[in-house]
Amino acid sequence: MKKRRVIAVSVLIFAGLIGVRDLYMTLEPQHEVNVNGKTLHLGQVYSQHLLSTVVITSNEETLLTVTAPITTIVKQLTTELNNDVNEANKTLSAGEKMQLSTAYFNTNITLHLSTVVTYNTQHYASVSMPLETVAVNYTVNDAVQFNDIIELVQCYQKSTQKIFNNNCDFIN
């Protein structure tokens with residue numbers, strides 16, 4: 001009888017320890033990220049921000065750079081491209097004026113897309129991690145219009161947001 005009590009008490013203590021560990025893991029999240037091949041233990045994440053950059057280059061020269069939160073990158077890019085069209089239209093006659101939907105690059109270009117997530121956490125004041133990077137090359141023969149670039153960035157935005165939500169969103 002005494003042996004059974006000792007076994008029962010031991011089982012209860014063991015179950016209690018497992019429950020305490022589960023409660024601790026719930027109250028103290030152990031989020032981890034890999035940055036430059038190192039695993040960083042973030043602890044509790046207080047804030048997280050996604051910053052995207054679109055860079056368009058031609059022959060090693062930067063033609064356009066736009067950096068904005070991922071939620072507004074498409075809007076910012078559209079604004080910049082619109083400004084470029086309006087600026088070019090100042091020098092064109094009425095019959096030659098361009099629109100955003102018809103403007104295109106008449107040179108080989110490379111479109112660089114990248115997103116970085118920055119966390120403010122229990123163990124780090126600020127830690128940044130590359131999330132997604134893409135480079136797409138176009139030749140002059142592709143006649144890539146500005147709207148094509150905007151659509152590609154929209155697809156990139158949605159895809160990157162989905163990757164973040166599925167793998168790196170530690171708050172929601």
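The structure is a predicted model, in which local features require a pLDDT of at least 70 and side-chain atom pairs are counted only at pLDDT 80 or more, whereas totals for chains, interfaces and linings use all residues. Residues are numbered from 1 along each chain as its sequence is written, and side-chain values use heavy atoms, with hydrogens and water left out.

The protein contains 3 helices and 6 strands; helices (H or I, at least four residues) and strands (E, at least two) are DSSP runs numbered from the N terminus. Along the sequence, these elements follow the pattern α-β-β-β-β-α-β-β-α. Of the 172 residues, 31% count as buried, where buried denotes under 20% relative accessible area, exposed over 50%, and partly exposed the range in between (1.4 Å probe, protein chains only). The accessible surface comes to about 11,300 Å², and 53% of this area belongs to carbon and sulfur atoms. Accessible areas were computed by the Shrake-Rupley method with a 1.4 Å probe, and for residues only the protein chains shown count as cover. Among contacts (heavy atoms within 4.5 Å) between residues at least 6 apart in sequence, 63% join residues at least 24 apart.

The expected span of a helix is taken as 1.5 Å times one less than its number of residues. The buried residues of α2 are Ile-73, Val-74, Leu-77, Leu-81, Val-85 and Asn-89. These residues lie on the same side of α2, because they cover an arc of only 140° around the axis; the arc is that of the directions from the helix axis to the C-beta atoms. The cover over the buried residues of α2 includes β3 (45-58), β4 (61-69) and α3 (146-167). Asn-86 is also found in helix α2, but with 43% relative accessibility it counts as partly exposed. The C-alpha atom of Asn-86 is separated by 8.3 Å from that of Gln-99, 13 residues apart along the chain.

Helix α3 has 22 residues and reaches 31 Å from its first C-alpha to its last, close to the 32 Å expected at 1.5 Å a residue. Its buried residues are Phe-146, Ile-149, Ile-150, Val-153, Tyr-156, Gln-157, Thr-160 and Phe-164. Seen down the axis of α3, the buried residues fall within an arc of 120° and therefore line one face of the helix. On the other side of α3, Cys-155, Lys-158, Lys-162 and Asn-166 are exposed. The elements covering the buried residues of α3 include β3, α2, β5 and β6 (127-138).

Gln-157, placed in helix α3, is buried with a relative accessible area of 18%. A polar atom of the Gln-157 side chain lies 2.6 Å from the backbone oxygen of Ile-70. Not counting residues up to four places away in sequence, Gln-157 touches Ile-70, Thr-71, Thr-72, Ile-73 and Val-74. Thr-115 lies in strand β5 (residues 109-121) and is buried at 0% relative accessibility. The side chain of Thr-115 makes a polar contact of 2.8 Å with the side chain of Tyr-156. A polar contact is a pair of N or O atoms within 3.5 Å; within protein, one must be able to donate a hydrogen and the other to accept it, and residues adjacent in sequence count only if both atoms are side-chain atoms. Beyond four places in sequence, the residues touched by Thr-115 include Leu-50, Ile-70, Met-129, Tyr-156 and Thr-160.

Most residues other than glycine have a negative phi. Asn-36, in the loop between β1 (31-35) and β2 (38-43), has a positive phi near 55° and is exposed, with a relative accessible area of 74%. Asn-59, in the loop between β3 and β4, has a positive phi near 50° and is likewise exposed, at 67% relative accessible area.

A search of the whole structure finds 0 disulfides, a disulfide being a pair of cysteine sulfur atoms within 2.5 Å. Cys-155 is exposed, with a relative accessible area of 52%, whereas Cys-168 counts as buried at 9% relative accessibility.
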